[in-house]
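I wanted to look at the backbone and at the surroundings of the ligand.

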Amino acid sequence: MALRSVLTGVGSYLPERILTNAELARRVDTSDEWIKERTGISERHIAADDERTSDLACAAALRALEAAGRGAGDIDLIVLATATPDLTFPATAARVQAELGVTKGAAFDVQAVCSGFIFALATADNFLARGQAQAALVIGAETFSRIVDWEDRGTCVLFGDGAGAVVLEARDDDAERGVISTFLRTDGRMHDLLYVDGGPSQTQSVGKLRMVGNAVFRQAVEHISGAMLEACARANVSLDDVDWFVPHQANQRILDGVARKLGIDVEQVISTVALHGNTSAASVPLALDVATRDGRIKKGDLVLMEALGGGLTWGAALVRM
Ligand code: UT7
């Protein structure tokens with residue numbers, strides 16, 4: 001029987017400090033009303049000065065391992081999605097590997113910004129399906145508070161910090177559960193709609209996030225809907241078969257727009273954007289963890305995850321939990 005990557009545990013971590021819209025309104029020319037109406041965001045978490053992306057990633061990974069009933073010794077692959085690594089190199093995944101005490105296999109970062117978790121999941125799934133690893137940690141972890149321009153009201157109100165992780169295990173005895181299909185896409189022609197204006201090769205600096213928000217918004221609804229349909233088509237299932245939709249949490253209006261376009265019941269769409277803001281690669285596993293722990297998503301449910309981010313990148317993953 002073919003190998004399947006079964007999702008056996010999920011976990012997440014949010015930094016303690018909460019930044020409210022009211023606090024932001026004291027820093028830049030904005031208001032709680034504008035932010036809520038245009039984005040659905042009420043508050044976001046911000047990492048402490050001494051908290052790095054790897055710290056957030058480790059905390060989420062430990063919770064995912066616990067949920068899976070696994071330990072560091074079982075893991076032989078770590079794929080970490082982040083656009084805010086601790087350092088330019090080595091990969092943040094290498095530090096996470098050491099911190100967790102994982103001593104087998106490979107650990108590397110994947111960079112697809114807000115689509116990062118979907119790209120990381122698809123990457124790990126391919127390793128497991130080919131028998132190149134037995135148990136993977138797939139992590140999305142970000143500290144966007146470090147690259148946001150706190151004077152740009154068009155972007156600083158949107159983002160938050162956090163991490164989410166899943167344990168994926170290669171199984172050949174459970175035909176039903178596991179990653180069923182993935183769809184990934186990049187169109188580099190739109191790289192300047194959402195980018196960071198610094199980097200080691202071009203500017204020798206870290207840089208700040210820049211976004212043409214309304215242009216990205218227009219791309220989002222179209223490409224996310226397309227990715228969802230494509231992931232379903234590849235698995236020969238219909239949207240009606242899906243129990244839960246776990247989208248990247250960029251803007252409540254995008255979630256609603258996609259649901260409207262595809263005729264999806266909003267009750268089936270997991271939304272955490274109000275309390276988390278946009279946590280980039282962390283947002284999908286964070287939302288998955290919230291809905292798993294509160295009992296909405298159950299073993300056996302069909303879950304469709306999707307995201308769009310800088311690159312532009314976009315994708316979707318269909319998973320039987
Ligand atoms: O996660 C990766 C993918 N990212 C996304 O999917 C984000 C996609 N984009 C969005 O979510 C939305 O475009 C935003 C939330 C970023 C902006 O909302 P919008 O409805 O597209 O607004 P806009 O950029 O067209 O700006 C409308 C107005 C402008 O003022 P004028 O020119 O009409 O006078 C902005 O200057 O809103 C103004 N504005 C603000 N006003 C108060 C922009 N940001 C703010 C703010 N507070 N924070």
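I looked up N236 and found it in the loop between α7 and β11 (244-247). Helices (H or I, at least four residues) and strands (E, at least two) are DSSP runs, numbered from the N terminus. N236 is not a glycine, yet its phi is positive, about 60°.

I noted how to read the model. It is predicted, so local features need pLDDT of at least 70 and side-chain atom pairs pLDDT 80 or more, while totals for chains, interfaces and linings use all residues. Residues are numbered from 1 along each chain as its sequence is written, and side-chain values use heavy atoms, with hydrogens and water left out.

I turned to the cis peptide bonds. One joins F89 and P90, with omega about 0°. P90 sits in the loop between β4 (77-81) and α4 (92-100). The bond from G311 to L312 is also cis, and its omega is near -15°. I placed L312 in the loop between β12 (302-309) and β13 (313-320).

Next I went to the ligand. Which residues come nearest to it? Of the 23 residues around it, they are T30, R38, R153, N251 and N278. A residue is near a molecule if one of its heavy atoms lies within 4 Å of it.

I then checked polar contacts with side chains (pairs of N or O atoms within 3.5 Å). A ligand nitrogen is 2.6 Å from an N or O atom in the side chain of T30. For the side chain of W34, the distance from a ligand nitrogen is 3.4 Å. An oxygen of the ligand is 3.1 Å from an N or O atom in the side chain of N214.

On its own the ligand has 950 Å² of accessible area, and the protein covers 73% of that. Such areas come from the Shrake-Rupley method with a 1.4 Å probe.

I asked which elements give two or more residues to the shell. They are α2 (32-39), α6 (153-156), α7 (213-235) and α8 (252-262). The largest share, four residues, comes from α7.

I sorted the shell by type: eleven nonpolar, eight polar and four charged residues. Here Gly counts as polar, and Asp, Glu, Lys and Arg as charged.

Last, I asked why the ligand lies between domain 1 (4-171) and domain 2 (178-320). Both domains give residues to the shell, so the ligand lies between them. The domain bounds come from an automatic or database assignment.

How values were computed:
Polar contact = N/O pair within 3.5 Å; in protein donor to acceptor, adjacent residues only side chain to side chain.
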